[in-house]
Amino acid sequence: MERRICMSVLTITKENFESEVLKSKKPVLLDFWATWCGPCRMVSPVVDEIAGEMHDIKVGKINVDEQHELAAKFKVMSIPTLVVMKEGKVVQSSVGAKPKASILDMLNA
């Protein structure tokens with residue numbers, strides 16, 4: 001089970017951002033995070049769970065310590081930051097730890 005969930009979450013980098021996010025036919029949930037961030041560790045398993053359950057979306061994680069350019073592009077000042085993109089455009093975003101229901105609401109808005 002764990003392996004399937006991990007495989008459905010993409011690691012987004014500046015190298016694959018255009019192909020995986022901007023050109024995605026599906027809505028994309030992006031999780032901006034860092035290893036040292038406590039709230040990120042709370043949100044991460046929820047994001048993994050959503051990725052395993054919802055096959056009509058793409059889920060990607062962006063490590064802000066490794067992907068400075070993407071963090072700057074999205075003006076990420078605090079983490080975790082969750083961003084929903086559709087057709088290459090930001091349609092929802094939120095900062096801070098959120099319960100699963102709130103993240104699902106972002107995806108359905």
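**Entry 1**

I began with strand β4 (residues 81-86) and strand β5 (residues 89-95), which pair in the antiparallel sense over six bridges. I count strands as paired if DSSP finds at least two bridges between them. Helices (H or I, at least four residues) and strands (E, at least two) are DSSP runs, numbered from the N terminus. I looked up two partners in β5: V84 bridges to Q92, and M85 stands opposite V90. Two residues lie between the strands of this hairpin, and E87 takes a positive phi near 55° there.

**Entry 2: what I am looking at**

This is a predicted model, so I note its terms: local features need pLDDT of at least 70, side-chain atom pairs count only at pLDDT 80 or more, and totals for chains, interfaces and linings use all residues. Residues are numbered from 1 along each chain as its sequence is written, and side-chain values use heavy atoms, with hydrogens and water left out. pLDDT is the predictor's confidence in each residue, from 0 to 100. The protein chain has a mean pLDDT of 92, and 94% of its residues reach 70 or more. Over residues 1-6 the pLDDT is below 50, and this stretch has five contacts in the model beyond near neighbours in sequence. Contact means heavy atoms within 4.5 Å.

**Entry 3: the other side of β4**

I then turned to β2, which pairs with β4 in the antiparallel sense over five bridges. L29 has V84 of β4 as its bridge partner. Is β4 enclosed or open? Five of its six residues are buried, so β4 is largely enclosed by the rest of the structure. Buried means under 20% relative accessible area, exposed over 50%, partly exposed in between (1.4 Å probe, protein chains only).

I picked V83, in strand β4. V83 is buried, at a relative accessible area of 3%. V83 and L30 are 53 residues apart along the chain, yet their C-alpha atoms are separated by 5.0 Å. Beyond four places in sequence, the contacts of V83 include L30, F32, F74 and V90.

**Entry 4: the cores**

Which residues touch the most other members of the largest nonpolar core? Of its 18 residues, they are F17, L30, F32, F74 and I79. A nonpolar core here is a set of buried Ala, Val, Leu, Ile, Met, Phe, Trp, Tyr and Cys residues joined through side-chain atoms within 4.5 Å. α2, β2 (28-33), α4 (68-73) and β4 each give two or more residues to this core. β2 gives the largest share, three residues. I checked L30: beyond four places in sequence, its contacts include I12, F17, V21, F74 and M85. A second, separate core has 15 residues, among them V46, V47, A51 and L107.

**Entry 5: helix α3**

I checked the length of α3 (residues 38-53). At 1.5 Å a residue, times one less than its number of residues, its 16 residues should span 22 Å; the end C-alpha atoms are 24 Å apart, which agrees. Its buried residues are C40, V43, V46, V47, D48, I50, A51 and G52.

**Entry 6: N16**

Last, I found N16 in the loop between β1 (9-11) and α2 (17-22). A polar atom of the N16 side chain lies 3.0 Å from the backbone oxygen of T11. Not counting residues up to four places away in sequence, N16 touches T11 and V21.

Key: Polar contact = N/O pair within 3.5 Å; in protein donor to acceptor, adjacent residues only side chain to side chain.
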